[in-house]
Amino acid sequence: MRHKKILIINTGGTLSAVMKEQGLSPDLSTLEMSQQLHMVAGDMELSLMDFRMVDSANIFPEDWTDLAGVIAEKKDDYDGIVVIHGTDTCAYSSSMLTFMLQNIDIPVVLTGSQLSIADPVADALENIRCSIYMAASGYPGIFVAFNRKVMLGCRVSKVRSLSFDAFESINYPDVASISALGLKINESAIPKRKGIFQLKTDYSNQVAIIKMFPGIQEKELEMFYHEGYKALYIEGYGLGGIPFLNHDFVSCAKKLIDKGMTILLGTQCRYEGSNMSIYETGRKAIEAGIIQAYDMSVEAAITKLMWVLGQTDDPKRIREYFSLSLSGEVTILNK
């Protein structure tokens, strides 16, 4: 029986960090971690690659483009790929890779840890083990493996800063979990491929996030427009509300939309998503031309916005992209 071939790509993060004079910093190469990586891989045939050696706070869209290109180049030579990544921006990276690597035909699993692999009580090896076996599962897609569970890459968020249970799947079931029964995969949670693989790495970084709070001024929306931004993601209140009385954000948003800006509206609530059809605040936003984010995580919403604007600047096409779930990132409510 042929051993599964798995590529491990290291981008840095806590898993490969060591303590230096200025604090923890990624410094361990895959060669230096090779013994531990092979130890948890069982009979898998591992290949190791160092891509970046950075704290994930230093990961930017250009890194996503390069990483997606490497994965696209290497994917036909392996049964699956594991990406070691810092936890702080892992959910952004897994979301954007989902959009850039359309209909990927192998498992790509991002993972990291809350303690360095050099620490004897770290979660690193368990997370690597889970990632390797998910990468060998044959189920295609972009995933995040952490704390003995596997989550869809475009549904995950980091929700805890210290705990080993640092990530959760937002408004979506876990893809897999490890227990006394082994690695149990929830096939119904893995989106079906909708076509052939396509590498689509174009994006726009002319986007911004605005979080509503009592006292925010409408001119903040206008400021981003005048600075040349193409789109805004607004974290609204509750089910997706923004002010329309004394401080009329709805009318301000409509003016910007009429000038060609895209405005996407979600909720500050992590769970259960938005539904702008219920309250007057939401209905007025819909009438103004604001697009609804539904139950997307903030990471999926902002990366999808960046990616969509890289594919088109036609307002009708942008709206159409957000009316669809491309890779399981959103549940569209019936109109």
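The domain assignment of the chain gives domain 1 (3-197) and domain 2 (205-321), with bounds that come from an automatic or database domain assignment. Residues are numbered from 1 along each chain as its sequence is written, and side-chain values use heavy atoms, without hydrogens and water. Because the model is predicted, local features need pLDDT of at least 70 and side-chain atom pairs count only at pLDDT 80 or more, whereas totals for chains, interfaces and linings use all residues.

- β15 pairs with β16 (residues 231-236) in the parallel sense over 5 bridges, and K211 has E235 in β16 as its bridge partner.

- The C-alpha centres of domain 1 and domain 2 lie 31 Å apart.
- The contact between them takes 18 residues from domain 1 and 13 residues from domain 2, contact meaning heavy atoms within 4.5 Å.

**The annotated binding site**

- According to an unreviewed UniProt entry, the annotation "binding site" covers S56, T87 and D88; UniProt positions are given in the numbering used here, feature names are shortened, and annotations may be inferred rather than shown by experiment.
- Although these residues are spread over 33 residues of sequence, they cluster in space, with a largest C-alpha distance of 6.9 Å.
- S56 lies in the loop between β4 (45-54) and α2 (61-74), and S56 is buried, with a relative accessible area of 2%.
- D88 is found in the loop between β5 (80-84) and α3 (90-100), and D88 is partly exposed at 44%; buried means under 20% relative accessible area, exposed over 50% and partly exposed in between (1.4 Å probe, protein chains only).
- Not counting residues up to four places away in sequence, S56 touches H85, G86, T87, D88 and T89, while D88, with the neighbours within four places left aside, is in contact with D55, S56 and K158.

Notes:
Helix = DSSP H or I, 4+ residues; strand = E, 2+ residues; numbered from the N terminus. Pairing = 2+ DSSP bridges.
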